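Have the picture open while you read.

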Amino acid sequence: MKKIFFLIMLFISFWAGIQSSAYGFGLVNKGNERPSAGKYAAIIEKNGGVYIAENTKDIYLTFDCGYENGHTKKILEALRTTNTKAIFFITGHYLTSATDLVLEMIKDGHLIGNHTYSHKDFTKSTNEEILKDIEKLENKFYDLTNTKMSKYVRPPRGEFDERSLKLLMDNGYHSVFWSLAYVDWNQHTFNGNQYSYRQVMKRIHNGAIILMHTVSKDNAEDLESIIMKLKNDGYNFNSIENVL
């Protein structure tokens with residue numbers, strides 16, 4: 001009887017370990033005001049992560065790369081033309097299917113962040129599964145590029161809990177969220193009319209960590225004009241390394 005009770009308590013403890021309060025990161029931008037992540041802010045900051053930087057004219061450009069949709073070349077060209085650096089959070093699929101583009105990112109001096117190998121929800125994964133997925137991408141990245149991956153992690157789909165963020169911090173990683181985002185992840189959607197440009201300009205704020213997706217044709221078309229406008233307005237594109 002004692003053995004059964006012990007096993008039940010062990011299972012409950014294990015289940016609680018992967019079922020702590022789960023969150024899907026998101027915030028509301030009110031014009032050009034610096035947004036607050038509310039209750040998320042303290043959890044993220046306490047566990048070595050970031051979603052917004054200090055209240056200065058420094059801003060940070062980040063891209064999520066789940067799969068290639070034919071637009072990354074133009075994005076890289078815009079960054080090169082404007083002498084701007086970014087961080088690209090890649091998945092295992094992107095790394096293995098678009099290795100040439102990843103090598104181009106590295107050659108151009110961009111940071112490569114970890115979006116995990118299989119893009120699984122952290123809140124539904126055990127600690128062991130999370131670390132295994134992150135390390136699998138790191139190892140594959142080193143095999144293909146002979147370069148060590150940065151220790152910056154973007155949780156897949158922005159799904160997290162305090163357990164997963166603490167796990168990352170305790171293993172030397174930093175969680176990177178965002179303070180400026182808009183709908184740009186629909187693979188077959190092209191809005192035109194400077195859609196991305198308008199979305200960024202009406203949300204830009206000091207210390208912005210900008211999230212973009214490389215699958216977006218809108219981003220590819222508008223990126224150079226976005227960067228030039230922001231630089232002309234006195235913003236400086238900085239590296240996430242100077243925040244964490």
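Two strands count as paired if DSSP finds at least two bridges between them. Keep in mind that this is a predicted model.

## Strand β3 and its partners

Start with strand β3, which covers residues 87–90. Which strands does β3 pair with? One is strand β2 (residues 58–65), which is joined to β3 by 4 bridges and runs parallel to it. Look across from Phe89 in β3 and you'll find Asp64 standing opposite.

The other is strand β4 (residues 111–114), again in the parallel sense and over 4 bridges.

## Which way do the side chains go?

Now follow the residues along β3. Ile87 and Phe89 point one way, while Phe88 and Ile90 point the other way. Buried or exposed? All of these residues are buried.

## Two helices side by side

Helix α3 also has a helix partner, α5 (residues 99–107). Their axes come within 11 Å and cross at roughly 5°. Angles under 35 degrees count as roughly parallel, so α3 and α5 are roughly parallel to each other.

So who's touching whom? From α3, the contact is made by Thr72, Lys73, Leu76 and Arg80, and from α5 by Leu101, Glu104 and Met105. Sorted by class, this contact of α3 with α5 has 3 nonpolar, 1 polar and 3 charged residues.

Notes. Residues numbered from 1 in each chain as written. Predicted model: local features only at pLDDT ≥ 70, side-chain atom pairs only at ≥ 80, totals over all residues. Heavy atoms only, no water. Buried < 20%, exposed > 50% of the residue type's maximum accessible area, 1.4 Å probe, protein only. Axes fitted to C-alpha atoms, helices over the stretch in contact; angles between N-to-C directions. Parallel < 35°, antiparallel > 145°, perpendicular 65-115°, else oblique. Contact = heavy atoms within 4.5 Å. Nonpolar A, V, L, I, M, F, W, Y, C, P; charged D, E, K, R; others polar.
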